[in-house]
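I am opening a notebook page on this chain.

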Amino acid sequence: NYDIEILEAKTVKASKYDDDHKPSIAIIYSVKNKKDKEIAFIQAFDVYQDSKDIKRKLEFGGGLDTDLKDKYEENMDNKINKGGKVKGVQFFKLKDT
């Protein structure tokens, strides 16, 4: 098992590499491994955006040219030792802004 803590969420403008001009939400989080074996760094969340009638599932995207990516990218593909705690960021394209 692991503990995930959301540290911050903020809107970032569209990356120059994006196909559209929609902003993304950056979710900065920490993960602590409580298992006896190493776990891969968490790279997937199910994230939804409320709209008037439905909750829309958001897709990964954006943030490729932000300082947040540079700050947290180093740990994204590493494994976490038992008791280890690391920080990361994931970006999701917003549907309604």
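**Burial and overall content**

I first looked up burial: of the 97 residues of the protein chain, 35% count as buried, where buried means under 20% relative accessible area, exposed over 50% and partly exposed in between, with a 1.4 Å probe and protein chains only. I note that this is a predicted model, in which local features need pLDDT of at least 70 and side-chain atom pairs count only at pLDDT 80 or more, while totals for chains, interfaces and linings use all residues. Residues are numbered from 1 along each chain as its sequence is written, and side-chain values use heavy atoms, with hydrogens and water left out.

I then listed the secondary structure, which comes to 1 helix and 7 strands, the helices being DSSP runs of H or I with at least four residues and the strands runs of E with at least two, numbered from the N terminus. From the N terminus on, I read the order β-β-β-β-β-α-β-β. Taken along the principal axes, the C-alpha atoms fill a box of roughly 40 × 30 × 20 Å.

I next followed an open sheet of 3 strands, in the order 1-2-7 with antiparallel pairing, where two strands pair if DSSP finds at least two bridges between them. Strand 1 and strand 7 stand at the edges with a single partner strand each, so one side of each has no neighbour in the sheet.

Strand 1 (residues 2-12) pairs with strand 2 over 10 bridges, and I found Lys-10 opposite Ala-26 of strand 2. The pairing of strand 2 with strand 7 runs over 9 bridges; here the partner of Ile-27 is Gln-90 in strand 7, and that of Lys-32 is Lys-85.

**The cores**

Which residues make up the largest nonpolar core? I found 10: Ile-27, Tyr-29, Val-31, Val-47, Leu-58, Met-76, Ile-80, Val-86, Phe-92 and Leu-94, a nonpolar core being a set of buried Ala, Val, Leu, Ile, Met, Phe, Trp, Tyr and Cys residues joined through side-chain atoms within 4.5 Å. Strand 2 (24-33) and strand 7 (85-93) are the elements that give two or more residues to this core, and the largest share, 3 residues, comes from strand 2. Apart from this core I noted another, of 7 residues, among them Leu-68, Tyr-72, Val-89 and Phe-91.
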